[in-house]
Amino acid sequence: MQHVERHIAGLFPEEISERLGGRVPAYRARQIFTWLQKKAVSSFQEMTNLPRELTNELEDLFHSVWPLTLVTNRLSRDGTEKYLFALAAGGAIETVLLPEEQRQTVCISTQVGCAMNCSFCATGQSGFQRDLAASEIVAQVLFVQNRLKQEGKQITNIVYMGMGEPLANYGQVLRSARLLNHPIGLNLGARRLTISTCGLAPQIRRLAEEDLQVNLAVSLHAVDDRERSALMPVNKAYPLAELLAACDYYTERTNRRISYEYALISGINDSPKQAERLAELLRGRLCHVNLIPINPVGREARPSEQRIAEFARVLERARIPVSIRKERGTDIEAACGQLRRHEVPSDV
Ligand code: SAH
């Protein structure tokens with residue numbers, strides 16, 4: 001069943017107008033949208049150029065500007081910040097801010113839990129609860145933007161790499177991307193948005209046909225079907241050949257470079273032979289490889305620095321562009337694969 005967006009943080013200006021029964025002029029709906037999506041205000045009362053009756057009506061209709069509240073936040077030694085949110089509609093999610101000098105990246109969740117069950121990822125281990133609505137996806141960004149604004153900073157990049165599989169919640173994820181991309185909202189260029197998928201081939205093809213130039217990241221992690229299926233059950237539904245064919249179609253349609261993520265696990269997928277096979281798989285493709293030293297959540301172990309460097313060298317020699325992802329926020333369990341479902345006490 002198609003989810004119907006009910007909360008204002010997930011609505012376009014025309015839809016805000018509709019929800020108000022068409023009783024306010026169109027420019028008012030655009031003002032409201034800009035307060036919400038660009039100025040990232042934390043309450044309707046801060047929308048100071050609206051008539052008081054209208055802000056009151058908005059409060060009655062929607063209760064709050066964001067359908068979530070902060071439960072706790074943790075700050076890492078490296079500046080990474082993790083937020084735990086309780087959702088008004090139930091459940092809890094985590095969001096991560098990755099500050100750098102020139103860029104402020106927010107890593108957002110798209111589902112409560114995850115159904116994909118990758119063996120090395122903490123999110124999947126507590127199962128799947130539900131998809132997020134676009135408003136719940138966007139509100140993570142607006143909450144962080146509200147905080148950054150007070151320090152005179154701005155969000156510059158969004159990665160859909162938090163909890164959940166974005167392409168399994170396709171409609172709401174795309175709606176959220178279009179809201180973040182909206183010219184009178186945050187107006188984040190589509191190229192500043194990166195959607196990461198475990199490899200849902202049909203949805204990759206569908207994404208190729210949208211008129212939205214987002215970056216696509218594909219979690220590969222293994223170079224043959226037997227090995228990949230052992231790590232990622234999704235590979236049984238969409239094996240490598242099918243996945244790579246969908247990726248080729250994506251590149252063909254969009255001319256965009258795909259980022260392949262490869263989490264290096266000692267003794268599992270980190271041998272020079274596997275690096276060579278990876279280079280073979282990607283040869284001739286418009287791509288970039290992102291090596292992620294595994295953040296152990298179970299029995300996995302991270303390869304030595306030397307082993308990681310050797311893996312990267314094999315790819316470089318084959319002229320495959322490669323980078324090693326810098327580890328961030330491990331001390332606060334905010335790194336890749338460490339976000340998990342939390343039980344939020346009912347009294348928060
Ligand atoms: N479901 C999406 C996005 C979420 S995960 C996807 O699979 O792409 C973001 C990235 O972190 C993915 O590449 C994922 O495979 C990787 N990841 C998951 N667990 C990890 C871990 N324990 N260590 C390092 N990377 C991990």
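By class, which residues make up the shell around the ligand? I get eight nonpolar, eight polar and two charged residues. My classes: Ala, Val, Leu, Ile, Met, Phe, Trp, Tyr, Cys and Pro are nonpolar, Asp, Glu, Lys and Arg are charged, and the others, Gly among them, are polar.

Before going on: this is a predicted model, where local features need pLDDT of at least 70, side-chain atom pairs count only at pLDDT 80 or more, and totals for chains, interfaces and linings use all residues. Residues are numbered from 1 along each chain as its sequence is written, and side-chain values use heavy atoms, with hydrogens and water left out.

Ligand entry. I looked up who comes nearest among the 18 residues around the ligand (a heavy atom within 4 Å): Phe120, Ser196, Ser219, His221 and Asn295. Ser196 puts a polar side-chain atom 2.6 Å from a ligand oxygen. Asn295 has a polar backbone atom 2.8 Å from a ligand nitrogen. The protein covers 95% of the 530 Å² of accessible area that the ligand has on its own (Shrake-Rupley, 1.4 Å probe).

Helix entry. Helices here are DSSP runs (H or I, at least four residues), numbered from the N terminus. I checked helix 5 (residues 134-149) against helix 6 (residues 170-180): their axes, lines fitted to C-alpha atoms over the stretch in contact, come within 8 Å and cross at roughly 40° (on a scale of 0 to 180 degrees between N-to-C directions). That makes helix 5 oblique to helix 6, since angles under 35 degrees count as roughly parallel, over 145 as roughly antiparallel, 65 to 115 as roughly perpendicular and the rest as oblique.

Definitions and conventions:
Polar contact = N/O pair within 3.5 Å; in protein donor to acceptor, adjacent residues only side chain to side chain. Helix = DSSP H or I, 4+ residues; strand = E, 2+ residues; numbered from the N terminus.
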